[in-house]
Amino acid sequence: MRLCSFLRKSILPDLSQNLPYAVQCLQDALNRLAASEYVDVDGQLGPQTKAALKTADPSALAFCMCAIRMAEHNRRARRDKSKQVWLGGWLNRVTDLMGAI
């Protein structure tokens, strides 16, 4: 699956309530996968982020973004016990996405 298609259909709708956060998640994943040059995690889809996207491995990037989302869902549930009822569904959705990569 192409990265843009994957992001449009799976990751970004999940984060659409907060697009700058979605871009920060993307930037965080790019940095985790970077061999040398890092992008600023500023929530802006600027030239630095776009250039890094061109050289990133699409599957590795998508998988990394899913792992970041899983960690965030777990943090959210630990921080706010009322969110624990949703945790299983959140993690299942991300696991399904990982299976599609």
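Student: Which residues of helix 2 are buried?
Tutor: The model is predicted: local features need pLDDT of at least 70, side-chain atom pairs count only at pLDDT 80 or more, and totals for chains, interfaces and linings use all residues. Residues are numbered from 1 along each chain as its sequence is written, and side-chain values use heavy atoms, with hydrogens and water left out. Helix 2 spans residues 19-33; helices (H or I, at least four residues) and strands (E, at least two) are DSSP runs, numbered from the N terminus. Buried means under 20% relative accessible area (exposed is over 50%, partly exposed in between; 1.4 Å probe, protein chains only), and the buried residues of helix 2 are A22, V23, C25, L26, Q27, A29, L30 and N31.

Student: What distance does helix 2 reach from its first C-alpha to its last?
Tutor: Helix 2 has 15 residues. The expected span is 1.5 Å times one less than the number of residues. For helix 2 the reach is close to the expected 21 Å, with a value of 21 Å.

Student: Is L26 buried or exposed?
Tutor: L26 belongs to helix 2. Its relative accessibility is 8%, and L26 therefore counts as buried.

Student: How are helix 2 and helix 4 oriented to each other, and why?
Tutor: The axes of helix 2 and helix 4 (residues 58-79) come within 9 Å and cross at roughly 120°. Axes are lines fitted to C-alpha atoms, for helices over the stretch in contact, and angles run from 0 to 180 degrees between N-to-C directions. Angles under 35 degrees count as roughly parallel, over 145 as roughly antiparallel, 65 to 115 as roughly perpendicular and the rest as oblique. Helix 2 and helix 4 are therefore oblique.

Student: How many nonpolar, polar and charged residues make up the contact of helix 2 with helix 4?
Tutor: From helix 2, Y21, A22, C25, L26, D28, A29, L30, R32 and L33 take part, meeting A60, L61, C64, M65, I68, R69 and E72 of helix 4. Ala, Val, Leu, Ile, Met, Phe, Trp, Tyr, Cys and Pro count as nonpolar, Asp, Glu, Lys and Arg as charged, and the others, Gly among them, as polar. The contact has twelve nonpolar, no polar and four charged residues.

Student: Which residues of helix 4 are buried?
Tutor: Helix 4 has 22 residues and reaches 31 Å, close to the expected 32 Å. Its buried residues are L61, A62, C64, M65, C66, I68, R69, E72, H73 and A77.

Student: Which residues of helix 3 meet helix 2?
Tutor: The axes of helix 2 and helix 3 (residues 47-55) come within 11 Å and cross at roughly 55°, which makes helix 2 oblique to helix 3. By class, their contact has four nonpolar, two polar and no charged residues. From helix 2, L26, Q27 and L30 meet T49, A52 and L53.

Student: Is T49 buried or exposed?
Tutor: T49 lies in helix 3. Residues up to four places away in sequence aside, T49 touches L26, Q27, L30, V39 and Q44. Because its relative accessibility is 3%, T49 counts as buried.

Student: What percentage of the protein chain counts as buried?
Tutor: The chain holds five helices and zero strands, in the pattern α-α-α-α-α. Of its 101 residues, the buried share is 37%.

Key
Contact means heavy atoms within 4.5 Å.
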